[in-house]
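Let's take a friendly walk through this structure, starting with the ligand and moving on to a few backbone details.

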Amino acid sequence: MEKNNIKKSNSYISEEEKTLVWEDIQLSFKKTFGNEIYNSWLQKISLIKEYNDYLILGVPTRFFRDWIVSRYLDKILEQVKGFKLSLNRIEFKIIEEAKQNQEFVRINELNKVTEIKDSILNYNRLNPNLSFDNFIQGKSNDIALSYSKKVCEHISRYNPLYICGGVGLGKTHLLNAVGLALQSENNVMFISAERFMYHFIKSIKKNDMVNFKDFFRKSSVFILDDIQFIRGKESLQEEFFHTFNSLMDKGSQIIISADRPPLKLDRVQERIKSRLSGGLIVDIDQPDQELKKDIIKQKIADTSREFKENINISEDVINFIANESKTNIRELLGVLNRVIAFSRVHKRVLNTADCKQILKDVFSQVKIVTVDKIQNVVCNFFDIPLSEMLSQRRSRPLARPRQIAMFLAKKLTTR
Ligand code: ADP
Ligand code: MG
């Protein structure tokens, strides 16, 4: 009974937790993008569902979606983040115009149903798309991955399991995968430290701490994402410490993620740091070229399957993206999405010069290569005057550099 409720609540956030007023967001679109773009495109987007960290927006057609994704997605995300910082992703759903209103009503009704008296049921939100199956193994994450799997085989052998690493490297994905793997046999609680605090404060205000404590302490698998959030928050730390102890006492498995190792959690009580260090600490590092390429390839295959069409991205382009995207996997996927959307809209196989063009604002640090620059570099390298290289003379010491410059221009520019 209880499990059912928890599962149902994965999908929606309750009315009272909703924060976005779509009309306000539309207004900001109008301001940012101008009337023309707004009237032809953005006005037609509707809000279908609001989650804590992402939105599902409704659009009338596939073409419409691809167009929006390839041109405006980043800006749209930036805008909505201005209204709700925790948003980090947008999904689109295609709804024919006529159905749009119906869908809206239906979802609103559903929200009411799942709003079940006790909003505590909304704690738990596992994303069915972040599983072990689509988590790609690489040098930077294989230890974290293998211990996450071991935890699923032997509950509380490594307790707590503490996964740390920079943003966008796959911590939430791994935690979610553990939750999915264990949820059928266990009472799994998966929550970010930020949400934990939100409910903590709400329960204090409502004078409902008994329920709060009960609820968290009865899970057999407790997964807490981004624990660094508790830094500097004394009463939250107090509550967390007791929750932690009580769970450990009854042999529940605890899995925690953070952007840094336990001992580096400044403004966190020593006793908490020491508890957190008491199990197994694994870290996730920056992905190497190989992992980035594997992730890109998987994503291309997934997207091809999803759209039932063959998405053809050349090995050159894959190498280019993997090489240029240097921050994290989230960014890598964002970049790839743009490239895929562009290639689908324009129905052609892209080359690296196209990608540079599409991504020029993302890789702002990427130097735009121009023919002039190539000529200069080549002349410097061979130590010949530019005028000589550009002259009609065909002597070997000039022809070779000239060919190389032409080759580079073809490879690196659109000319
Ligand atoms: P973090 O929580 O560390 O900030 P996320 O788990 O949110 O990072 O990962 C960012 C994005 O990258 C997500 O879309 C996630 O699915 C994807 N991702 C990260 N690592 C991998 C991986 N090894 N294989 C497939 N996708 C990954
Ligand atoms: Mg995360």
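## Around ligand 1

In this predicted model, the shell around ligand 1 is made up of eight nonpolar, seven polar and two charged residues. Altogether 17 residues surround the ligand, and the closest are Ile136, Gly168, Lys171, Thr172 and His173. Two helices, helix 7 (171-182) and helix 14, each contribute at least two residues to this shell.

## Polar contacts with the ligand

Both backbone and side chain take part here. A polar backbone atom of Ile136 sits 2.8 Å from a nitrogen atom of ligand 1. For Gly170, a backbone N or O atom is 3.1 Å from an oxygen atom of the ligand, while His173 places a polar side-chain atom 2.6 Å from a ligand oxygen atom. On its own, ligand 1 would expose 560 Å², and the protein buries 87% of that.

## A cis peptide bond

Have a look at the step from Asn159 to Pro160: this peptide bond is cis, with omega near -5 degrees. Pro160 belongs to the loop that links helix 6 (142-153) with strand 4 (161-164).

## Two positive phi angles

Arg267 is not a glycine, yet its phi is positive, near 55 degrees. You will find Arg267 in the loop between strand 7 (253-258) and helix 11 (270-276). Its relative accessibility is 53%, so Arg267 counts as exposed.

Lys347, also not a glycine, has a positive phi of about 50 degrees. Lys347 lies in the loop between helix 14 (329-346) and helix 15 (352-358). Is Lys347 buried or exposed? Lys347 counts as exposed because its relative accessibility is 72%.

Conventions:
Residues are numbered from 1 along each chain as its sequence is written. Chains are lettered from A and ligands numbered from 1 in the order in which they are written. This is a predicted model: local features need pLDDT of at least 70, side-chain atom pairs count only at pLDDT 80 or more; totals for chains, interfaces and linings use all residues. Side-chain values use heavy atoms; hydrogens and water are left out. Helices (H or I, at least four residues) and strands (E, at least two) are DSSP runs, numbered from the N terminus. Buried means under 20% relative accessible area, exposed over 50%, partly exposed in between (1.4 Å probe, protein chains only). A residue is near a molecule or strand if one of its heavy atoms lies within 4 Å of it. A polar contact is a pair of N or O atoms within 3.5 Å; within protein, one must be able to donate a hydrogen and the other to accept it, and residues adjacent in sequence count only if both atoms are side-chain atoms. Accessible areas come from the Shrake-Rupley method with a 1.4 Å probe; for residues, only the protein chains shown count as cover. Ala, Val, Leu, Ile, Met, Phe, Trp, Tyr, Cys and Pro count as nonpolar, Asp, Glu, Lys and Arg as charged, and the others, Gly among them, as polar.
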